[in-house]
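Hello,

Here is the structure I promised to pass on to you. Have it open while you read, and my notes on what turned up in it follow below.

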Amino acid sequence: MTPEPAAISDTSQIQWEADGVFHTLRWHSEAGNAAPRKVCHADDQMAADTAYRLACEGTALLWRGDFQNARMLLQALARRVDRARERSHTKKAAAPAAAQPGQAFHQQRQMQAQRARILGMLIIPVDPGFVVPLRRAPDVVAACREAYGAALEPHAFAVSLRELQGLIGAHEWRRKGVEVGALGGRIHPHYGVFSPVRGEYVDLVAQAPLPSTELAFDIGVGTGVLSAVLARRGVRRVVATDNDPRALHCAAANLKSLGLAKQVELQQADLFPAGRAPLIVCNPPWLPARPASPVEHAVYDFEHRMLLGFLAGLPQHLSEDGQAWLIMSDFAEHLGLRAPGMLADAITAAGLVVLGRSDIRPRHGKASDASDPLHAARSKEVTSLWRLRVAA
């Protein structure tokens with residue numbers, strides 16, 4: 001099963017006047033951001049301070065100059081945003097009460113949103129065929145096709161340079177892939193699909209004792225990495241689900257390249273496939289915050305909807321004496337976003353019992369970065385694989 005990536009349908013337009021002529025152009029945003037209401041032309045002659053002032057005021061800059069100069073301007077805008085943030089942080093640090101971890105998390109998200117809004121005001125025209133009509137513009141056809149699909153290709157549209165750079169970066173991630181030691185191979189993440197860069201949770205699945213090698217369900221397949229690990233460990237059949245067509249397309253490509261496509265069946269579903277299995281695995285998003293864009297659904301599980309839905313559905317989908325493996329971080333608890341006993345209470349409320357738990361410390365760079373605003377919480381984080389069964 002290899003569904004095409006779905007592009008977000010957004011038929012709004014940007015409008016501007018130049019040389020006495022009124023212009024319109026289709027607007028596209030993968031984050032679902034509305035088209036800017038005010039737009040003006042910008043080129044190589046525009047000073048960075050002017051661009052920053054206009055962007056802060058809500059005026060989008062439709063670039064007509066050299067593409068590489070647009071990249072340099074975006075960097076200059078980012079420096080100005082960061083300097084303003086540092087000045088604000090210095091003032092807050094002088095206050096008597098320090099921010100609690102949860103407050104720091106929300107403040108960081110607010111600052112990230114503000115930063116994204118300002119930097120998103122530098123926008124780039126794209127002609128039909130995903131051609132950028134600017135001097136020294138890179139070839140973005142492959143990156144746009146991978147992220148947007150075929151539906152947008154015949155159209156001219158405008159997109160933020162920041163989003164376009166994200167597409168280019170995602171294309172390189174997809175091309176190079178991520179080495180996964182537990183697989184002895186590489187996983188190639190697609191745009192909008194969470195990359196398995198945090199390999200510790202994959203190691204937990206690779207090392208836990210298998211209750212059966214007959215059948216497993218992988219709930220929320222993503223890139224397909226956990227399905228691939230289970231198949232490599234000898235599970236004869238894996239049924240993997242996801243409600244995101246991009247994830248299913250990504251998983252299908254990875255399983256095919258690893259030679260595991262025959263062992264794994266992909267289904268588009270919200271949580272469970274039909275039937276029961278002796279092993280059900282789920283690695284839901286770890287933070288119970290509201291996603292700000294479709295891409296963030298892989299990171300944030302608002303109000304624990306996926307987690308609680310997974311736990312509640314296990315009694316109807318686990319075989320007798322079967323096990324569920326829930327992979328979770330306690331990062332949300334250290335941030336104050338989840339009560340320390342909430343997960344244990346939810347497990348009990350779903351009619352489940354804990355057979356055991358395996359823990360591992362994170363290995364990513366932020367875990368040891370004392371300059372990170374969330375370092376106090378990250379330094380205590382533990383990722384766990386909970387082995388659950390239905391209570392007798």
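**Aromatic rings**

Searching the whole structure, which is a predicted model, turns up five aromatic pairs. One of them joins Phe 130 and Tyr 148: their ring centres are 6.1 Å apart and their planes meet at 45°, so this pair counts as tilted. Phe 130 belongs to the loop between strand 5 and helix 4, while Tyr 148 is in helix 4, so the pair ties together parts that are 18 residues apart in sequence. Now follow Tyr 148 to Phe 157. Here the ring centres lie 5.9 Å apart with the planes at 85°, so the pair is edge-to-face.

The charged end of Arg 290 sits over the ring of Phe 302, 4.0 Å from its centre. Arg 357, for its part, lies over the face of Trp 386, at 4.9 Å from the ring centre.

**Two residues with a positive phi**

Most residues other than glycine have a negative phi. With that in mind, look at Phe 130 again: its phi is near 60°, a positive value, and it is not a glycine. You will find Phe 130 in the loop that runs between strand 5 (122–126) and helix 4 (141–148). With a relative accessibility of 1%, Phe 130 counts as buried, because the cut-off for buried is under 20%.

His 304 also has a positive phi, near 60°, without being a glycine. Its place is in the loop between strand 12 (277–282) and helix 9 (305–317). His 304 has a relative accessibility of 11%, so it counts as buried.

**The nonpolar cores**

Nonpolar side chains tend to be buried together in soluble globular proteins. In this model, the largest nonpolar core has 59 residues, and the ones with the most contacts inside it are Phe 310, Leu 311 and Leu 314. What does Leu 314 touch, leaving out residues up to four places away in sequence? Its contacts are Phe 272, Ile 280, Ala 324, Leu 352, Leu 388 and Val 390. A second, separate core has 50 residues, among them Ala 48, Met 121, Ile 124 and Phe 130.

**A buried threonine**

Thr 383 is in strand 15 (residues 383–390). Its relative accessibility is 0%, so Thr 383 counts as buried. Leaving aside residues up to four places away in sequence, Thr 383 touches a list of residues including Arg 198, Glu 200, Tyr 201, Trp 286, Ser 329 and Asp 359.

**Cysteines**

How many disulfides does a search of the whole structure find? The count is zero. Take Cys 56: the closest cysteine sulfur, in Cys 40, is 13 Å from its own sulfur, which is too far for a bond, because a disulfide needs the two sulfur atoms within 2.5 Å. Cys 282 is in no disulfide either, and the nearest cysteine sulfur, that of Cys 250, is 17 Å away.

Notes: Residues numbered from 1 in each chain as written. Predicted model: local features only at pLDDT ≥ 70, side-chain atom pairs only at ≥ 80, totals over all residues. Heavy atoms only, no water. Helix = DSSP H or I, 4+ residues; strand = E, 2+ residues; numbered from the N terminus. Buried < 20%, exposed > 50% of the residue type's maximum accessible area, 1.4 Å probe, protein only. Core = buried A, V, L, I, M, F, W, Y, C linked by side-chain atoms within 4.5 Å. Contact = heavy atoms within 4.5 Å. Phe/Tyr/Trp six-rings, centres within 6.5 Å; stacked < 30°, edge-to-face > 60°. Lys NZ or Arg CZ within 6 Å of the ring centre and 35° of its normal.
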